[in-house]
Amino acid sequence: MRGDLRVPFLLNGSMNASGDFSAQEIEAGRRLFAGDWAFVTAAASLASLPRPAGMEVAFAGRSNVGKSSLINALTGRRGLARTSNTPGRTQELIFFAGPPRLLLVDLPGYGYAAAAKQKVAAWTGLTNDYLRGRAPLARVYVLVDARHGLKAIDETVLDMLGQAGVSHEAVLTKCDLVDAPDLARTSEALRAAMRRRPAAFPDLVATSARDGGGVAELRAAIARLLRERA
Ligand SMILES: Nc1nc2c(ncn2[C@@H]2O[C@H](COP(=O)(O)OP(=O)(O)OP(=O)(O)O)[C@@H](O)[C@H]2O)c(=O)[nH]1
Ligand SMILES: [Mg+2]
């Protein structure tokens, strides 16, 4: 990350505290994601989910929030997950595998009103079933656009995750598009909202797939999860 881009993160000491992670953990995260990543499968039904083969980390969030872009940033593979300006691009559960015991799952975006109603219901059903019943699922990262903060539909999804007892945590995306004071305000509001949710993990990582901000920290967080699960 370039020095100047660190400024917003450093101004608010409670954020992305690189201090949340030791240099060793940052390095473990880098190593974890340094290998080859590949597309595994796109599941359109529970029956077509891959056989559990290690820990899964899923990325949820409104359409267009930057789920696919963040997966590409984490894996350092620009074209791994398909990104688009057209909301609702990712319509299935897309699985990517890298190191032997880790799968990343790109979930369909929610809140995209223009999609055919029937199809939206199908995605919602599949995604809910997956989130509620998937044994290898270690964490759901709920992505929140730094320009917009939490929306009512995010709250609905967070309620569902809490009720289902699924471990989840918020991640800010597109932080390159907001200035430091706005970012500080949005993160504080999001942290406060997440603290009110007992099942939610209170940490918050502020990321930008564009400039790479927070990506090393998120890799370290996932490496930590994998270690804790081992
Ligand atoms: N400036 C900026 N743009 C971003 C960032 N992340 C994603 N975008 C842009 O936002 C748009 C949507 O990104 P995607 O990664 O496709 O979003 P998604 O959440 O996967 O969208 P769906 O699959 O439709 O739900 C694309 O035009 C990206 O280039 C970021 O960190 N900064
Ligand atoms: Mg996508």
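Analyst: Seven helices and seven strands make up the protein chain in this predicted model. Reading from the N terminus, the order is α-α-β-β-α-β-β-α-β-α-β-α-β-α. The chain has 230 residues, and 49% of them count as buried. Take the contacts between residues at least 6 apart in sequence: 77% of those join residues at least 24 apart.

Now to your two helices. They are H2, residues 23-33, and H7, residues 215-229, and their axes sit 7 Å apart at an angle of about 85°. With that angle, H2 is roughly perpendicular to H7. On the H2 side, the contact is made by Glu25, Ile26, Ala28, Gly29, Arg30, Leu32 and Phe33. H7 brings Ala216, Glu217, Arg219, Ala220, Ile222, Ala223, Arg224, Leu226 and Arg227. Sorted by class, that contact has nine nonpolar, one polar and six charged residues.

Arg224 and Glu25 form a salt bridge through their side chains, 2.8 Å from N to O. Arg224 belongs to helix H7 and Glu25 to helix H2, so this pair links distant parts of the chain, 199 residues apart. Arg227 comes in too: Glu25, Arg224 and Arg227 are linked in a network of salt bridges. Which side of the cut-off does Glu25 fall on, buried or exposed? Its relative accessibility is 13%, so Glu25 counts as buried.

How does that compare with other charged pairs? One is Glu56 with Arg134, joined through their side chains at 2.7 Å, N to O. Glu56 is in strand S2 (residues 55-61), while Arg134 is in the loop between helix H4 (117-133) and strand S5 (137-145), so this bridge ties together parts 78 residues apart in sequence. Both Glu56 and Arg134 are buried.

Asp182 and Arg185 form a salt bridge whose closest N and O atoms are 2.4 Å apart. Both residues lie in helix H6 (residues 180-195), three residues apart, or about one turn of the helix. Asp182 is partly exposed, at a relative accessible area of 32%, and Arg185 counts as exposed at 54%.

The loop that carries Arg134 is worth a quick stop. Ala135 lies in that loop between H4 and S5, and at 66% relative accessibility Ala135 counts as exposed. Ala135 and Gly54 are 81 residues apart in sequence, with their C-alpha atoms 9.7 Å apart in space.

Last, the nonpolar side of things. In soluble globular proteins, nonpolar side chains tend to be buried together. Here the largest nonpolar core has 33 residues, and Leu93, Tyr130, Val140 and Leu172 have the most contacts inside it. Leaving aside neighbours within four places in sequence, Val140 is in contact with Ala58, Ala60, Leu131, Leu161, Val166, Ser167, His168 and Glu169. A second, separate core has 31 residues, including Phe96, Leu102, Leu143 and Ala223.

Key. Residues numbered from 1 in each chain as written. Chains lettered and ligands numbered in written order. Predicted model: local features only at pLDDT ≥ 70, side-chain atom pairs only at ≥ 80, totals over all residues. Heavy atoms only, no water. Axes fitted to C-alpha atoms, helices over the stretch in contact; angles between N-to-C directions. Helix = DSSP H or I, 4+ residues; strand = E, 2+ residues; numbered from the N terminus. Parallel < 35°, antiparallel > 145°, perpendicular 65-115°, else oblique. Contact = heavy atoms within 4.5 Å. Nonpolar A, V, L, I, M, F, W, Y, C, P; charged D, E, K, R; others polar. Salt bridge = Lys/Arg side-chain N within 4 Å of Asp/Glu carboxyl O. Buried < 20%, exposed > 50% of the residue type's maximum accessible area, 1.4 Å probe, protein only. Core = buried A, V, L, I, M, F, W, Y, C linked by side-chain atoms within 4.5 Å.
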